[in-house]
Structures are given as structure tokens and as C-alpha cells.
Amino acid sequence: MDLAQIRTRISDLASRFGVQPLEVELGKVPKALPEGARVLVRKGRPVLVIGAAFDNHLRAEQDYILASAMLIMDYAMRRRLLFAYTVSLSVALPLGFISGGAIASGAPAWLAIPVPLVVWAVCYVAAHMARLRRFAYRVDRRMVEVMGQPLIGMMLDFDHRMRDSRPGLVGAALNFLTPHPSQRAQRLDAGPVATVM
């Protein structure tokens, strides 16, 4: 794996998609990411870390991984994912006031305090999941626009294989948070995807 070649490919893909190229470095990528790549945010800037498993994929699959990472980070960094916090806090704050009132009325704190925290966590995960799904659908649509219709089958097959090979709880969480390739295929067939907030 040659870092200079990967940087050149990232630069070429970034110009094709009209996004900023990601900084890239070689490093360790968890086994839960069999794609062999992950994005870290350092000092407010995304860095794409390429691991050894990246070499196990075909060139077209590697380009798909690189382009997907750039597109997702382009959407994410522009919007900062505040949506999930806003949605979850708007539900949890009123419950916090209600819990405070319940405590003032004599309800035990051990009963009243966890409720808004649990509601906040559930709402945050749900809002974040909706956001990640919208990002995935937007990335799919953009990939097809730039790289063409024949790419659909390859990218969905690749993602299906990656889902099946993600081990452990992290892999299960990633599979839960992201849409299944069959859902993505239906979305691509259905027409335009709603604009990401």
C-alpha cells in the first residue's frame, strides 16, 4: 500500500465529486471495519486512516471506500451533526423539568432523574440513526450521478459483504445504525433523496 498513490487517488476522486480531499495516513483500523478505512476528526479536521485490510479489496471497491468517506465527511462537516443534539434535547429538557417538579413534590430522585437521561439517549440514537441514513442515501445518489449506474450493483454487493463480516458489538451497532443495502437499492430506484438538513 503506497500512501502517495492513495493521496493521488483521493485528489482525483475529490475533483470528480467536487469535494475537499481528505488528509490520509496509514494506521490501525479496527476489525469491526473490514473496509480497512476509518475517519477520525482531529482538531476539527477529518483524517482518513487506511489500514492493512484496505489492500484486500478490488481497485473499484477501494475507490468506492475513498469516495464514500469524502462525501460523508463533506456532508457531516458542513452540518456538524447538531440535528441529533437538537432533537434529543428538545424532548429531554421538558422531561427534565417535569422530573425536577416530581422531585420537589416528594418523588425519589433515583426514580425521577434517570427518565430524562434515558429518553435523551434513545432520542439521540434515533435522531443520529435517521441522520446517518440520510447521509447514506445522499452518498449513494451522488455516487451514481458521478460514477454511473453500473456502480450500483457493485457498491451494494460490497456493502452487503462488509455488513456480514463486521464482528462484535461495534459491528452490530454499525449495522443497526446504517441502512441495509436492500433499503438503499429501493431508495435508488425510488427517485430523488430528500435534502440533508
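Student: Leaving aside neighbours within four places in sequence, which residues is aspartate 159 in contact with?
Tutor: This model is predicted. In it, aspartate 159 is in contact with Tyr64, Pro181 and Arg184, once those sequence neighbours are set aside.

Student: With which side chain does the side chain of aspartate 159 make a polar contact?
Tutor: With that of arginine 184, at 2.5 Å.

Student: Where does aspartate 159 lie? And does aspartate 159 count as buried or exposed?
Tutor: Aspartate 159 lies in helix 6, residues 151–164. Buried means under 20% relative accessible area. Aspartate 159 has 12% relative accessibility, so it counts as buried.

Student: How do I read two packed helices?
Tutor: Two packed helices are described by the angle between their axes and the distance between the axes. Take helix 1 (residues 3–17) and helix 5 (residues 114–147). Their axes come within 10 Å and cross at roughly 95 degrees. Angles of 65 to 115 degrees count as roughly perpendicular. Helix 1 and helix 5 are therefore roughly perpendicular to each other.

Student: Which residues make the contact?
Tutor: Helix 1 brings Leu13, Arg16 and Phe17. Helix 5 brings Arg142, Met143, Val146 and Met147. Five of the contact residues are nonpolar, none is polar and two are charged.

Student: Now leucine 22. Where does it lie, and is it buried or exposed?
Tutor: Leucine 22 lies in the loop between helix 1 and strand 1 (23–26). Its relative accessible area is 10%, so leucine 22 is buried.

Student: Which residues does leucine 22 touch, not counting those up to four places away in sequence?
Tutor: Leucine 22 touches Ile10, Val39, Pro46, Leu48, Ala69, Met70 and Met73. Also look at alanine 67, 45 residues apart from leucine 22 along the chain. Their C-alpha atoms are separated by 9.8 Å.

Methods. Residues are numbered from 1 along each chain as its sequence is written. This is a predicted model: local features need pLDDT of at least 70, side-chain atom pairs count only at pLDDT 80 or more; totals for chains, interfaces and linings use all residues. Side-chain values use heavy atoms; hydrogens and water are left out. Helices (H or I, at least four residues) and strands (E, at least two) are DSSP runs, numbered from the N terminus. Buried means under 20% relative accessible area, exposed over 50%, partly exposed in between (1.4 Å probe, protein chains only). A polar contact is a pair of N or O atoms within 3.5 Å; within protein, one must be able to donate a hydrogen and the other to accept it, and residues adjacent in sequence count only if both atoms are side-chain atoms. Contact means heavy atoms within 4.5 Å. Axes are lines fitted to C-alpha atoms, for helices over the stretch in contact, and angles run from 0 to 180 degrees between N-to-C directions. Angles under 35 degrees count as roughly parallel, over 145 as roughly antiparallel, 65 to 115 as roughly perpendicular and the rest as oblique. Ala, Val, Leu, Ile, Met, Phe, Trp, Tyr, Cys and Pro count as nonpolar, Asp, Glu, Lys and Arg as charged, and the others, Gly among them, as polar.
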